[in-house]
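Please look at the sequence and the model first.

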Amino acid sequence: METKLLTSEQYKEAGAILKKGGLVGIPTETVYGLAANALDGAAVAKIFEAKGRPQDNPLIVHIADLSEIDDLVAYVPPVVYDLADAFWPGPLTIILEKSGIIPDEVTTGLNTVAIRMPSHPVARQIIKAAGVPLAAPSANTSGKPSPTTAAHVMHDMNGKIDAVVDGGPCEVGVESTVITLATRKPRLLRPGRITPDELEEVLGDELIIDDAVLGKLKEGERAASPGMKYKHYSPSSDVFVVKGPLDKFKALVEKEANDKTAVLVFDGEEKEFDIMTLNFGAEDDDLAHAAKLFDALRTCDDEGIEKLFVRCPSDEGVGLAVMNRLLRAAEYKVLEV
Ligand code: TXA
Ligand code: MG
């Protein structure tokens with residue numbers, strides 16, 4: 001199949017492809033999504049095939065207007081309206097008990113469904129043009145870092161999907177915050193741009209942080225969010241997170257480096273290294289770390305890098321999301337120097 005590269009002005013064409021049961025890579029403010037009509041089980045099934053996604057990892061349903069939620073879920077707890085007021089449209093996904101119109105392909109048989117209203121203007125235009133809610137996981141091949149540009153999507157999906165809409169680089173760079181309200185207490189399943197503190201302010205209640213958010217699941221432990229149990233965000237390069245001051249980081253890298261080694265370092269530190277350097281933004285800029293991480297991991301793969309040493313970022317604020325993705329990419333290899 002030929003994969004068309006569409007401009008953001010061609011959102012109507014993207015909508016028409018989706019309406020007919022096709023697959024389209026779409027920009028969102030977090031990462032690019034691989035969209036299909038969420039109400040068409042056969043279309044949704046093709047997403048799993050294109051990504052090589054495990055059959056038990058459910059998808060997020062994207063809406064453009066709050067009123068669309070009524071048909072998709074069994075009932076809407078009042079706090080959803082408070083969360084929507086504060087964070088929608090935006091990078092928050094809310095899991096609720098599903099209604100009967102959601103095909104099993106979307107939820108992989110669970111009785112809950114994940115809903116998100118993205119803020120990216122092109123994503124919103126595409127959803128409206130399609131006239132249906134869109135099921136969309138991140139548009140990467142399963143296990144690879146999520147795509148933050150249309151070129152990343154083309155790299156993974158060219159020939160496998162109908163089209164990709166180029167909406168420029170994603171602003172946030174890590175996937176949405178996922179919380180479930182289908183449990184007795186609200187629970188954070190995946191950290192993102194909306195932080196636990198911001199959520200608690202609206203919930204007026206304690207937000208339970210799922211063990212899988214920073215810790216590694218123990219053997220046999222059940223993942224509340226199936227996506228948390230898979231090896232994720234992993235480039236082919238071996239990634240090491242290095243905790244400690246720059247001089248010790250530098251000493252470690254000098255000892256270990258060969259011509260297939262790279263470093264991911266903060267602003268101003270590049271000049272310390274004579275191997276390939278990737279920029280992580282300013283040391284205290286968690287938003288920059290989020291925006292740059294996946295592109296850096298993908299660049300390593302493209303350049304045939306075998307070992308990547310990463311300056312350990314803060315895990316405060318949006319840093320919680322950055323560390324969550326980085327630790328998975330590194331398969332939890334953290335070196336203290
Ligand atoms: O920012 C994002 O959320 C992006 C853009 C495209 O919207 N999408 C995204 O989708 O990251 P995906 O499929 O890569 O991640 C969805 C996560 C997975 O970890 C999945 O297991 C979880 O949400 N999830 C979806 N439905 C669920 C449900 N009913 N119960 C528990 N977890 C669910
Ligand atoms: Mg994903």
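## Sheet and helix packing

Strand β12 (residues 238-243) and β16 run parallel and are joined by three bridges. Within this pair, Val242 has Leu335 of β16 as its bridge partner. Strands here are DSSP runs of E with at least two residues, helices are runs of H or I with at least four, and both are numbered from the N terminus. Two strands count as paired if DSSP finds at least two bridges between them.

The model is predicted, so local features need pLDDT of at least 70 and side-chain atom pairs count only at pLDDT 80 or more, while totals for chains, interfaces and linings use all residues. Residues are numbered from 1 along each chain as its sequence is written, chains are lettered from A and ligands numbered from 1 in the order in which they are written, and side-chain values use heavy atoms, with hydrogens and water left out.

The open sheet has five strands in the order β14-β13-β15-β12-β16, with parallel pairing. β14 (276-279) and β16 (334-336) are at the edges with a single partner strand each, so one side of each has no neighbour in the sheet. On average, neighbouring strands of this sheet are turned by 25° against each other, direction ignored. Helix α9 (residues 246-256) lies across β12, β13 (261-265), β15 (307-311) and β16, and runs at about 175° to β15. Angles run from 0 to 180 degrees between N-to-C directions, and axes are lines fitted to C-alpha atoms, for helices over the stretch in contact.

Two packed helices are described by the angle between their axes and the distance between the axes.

| Helices | Angle | Axis distance |
|---|---|---|
| α10 (residues 286-302) and α11 (residues 319-329) | about 25° | 9 Å |
| α4 (residues 79-87) and α8 (residues 196-203) | about 130° | 9 Å |

α10 and α11 are therefore roughly parallel to each other, a term for angles under 35 degrees. In their contact (heavy atoms within 4.5 Å), Asp286, His289, Ala290, Leu293, Phe294 and Leu297 of α10 meet Gly319, Val322, Arg325, Leu326 and Ala329 of α11. The residues of this contact are seven nonpolar, two polar and two charged.

α4 and α8 are therefore oblique to each other. Their contact is made by Val79, Asp82, Leu83, Ala86 and Phe87 of α4 with Glu198, Leu199, Val202 and Leu203 of α8.

Note on methods
Angles under 35 degrees count as roughly parallel, over 145 as roughly antiparallel, 65 to 115 as roughly perpendicular and the rest as oblique. Ala, Val, Leu, Ile, Met, Phe, Trp, Tyr, Cys and Pro count as nonpolar, Asp, Glu, Lys and Arg as charged, and the others, Gly among them, as polar.
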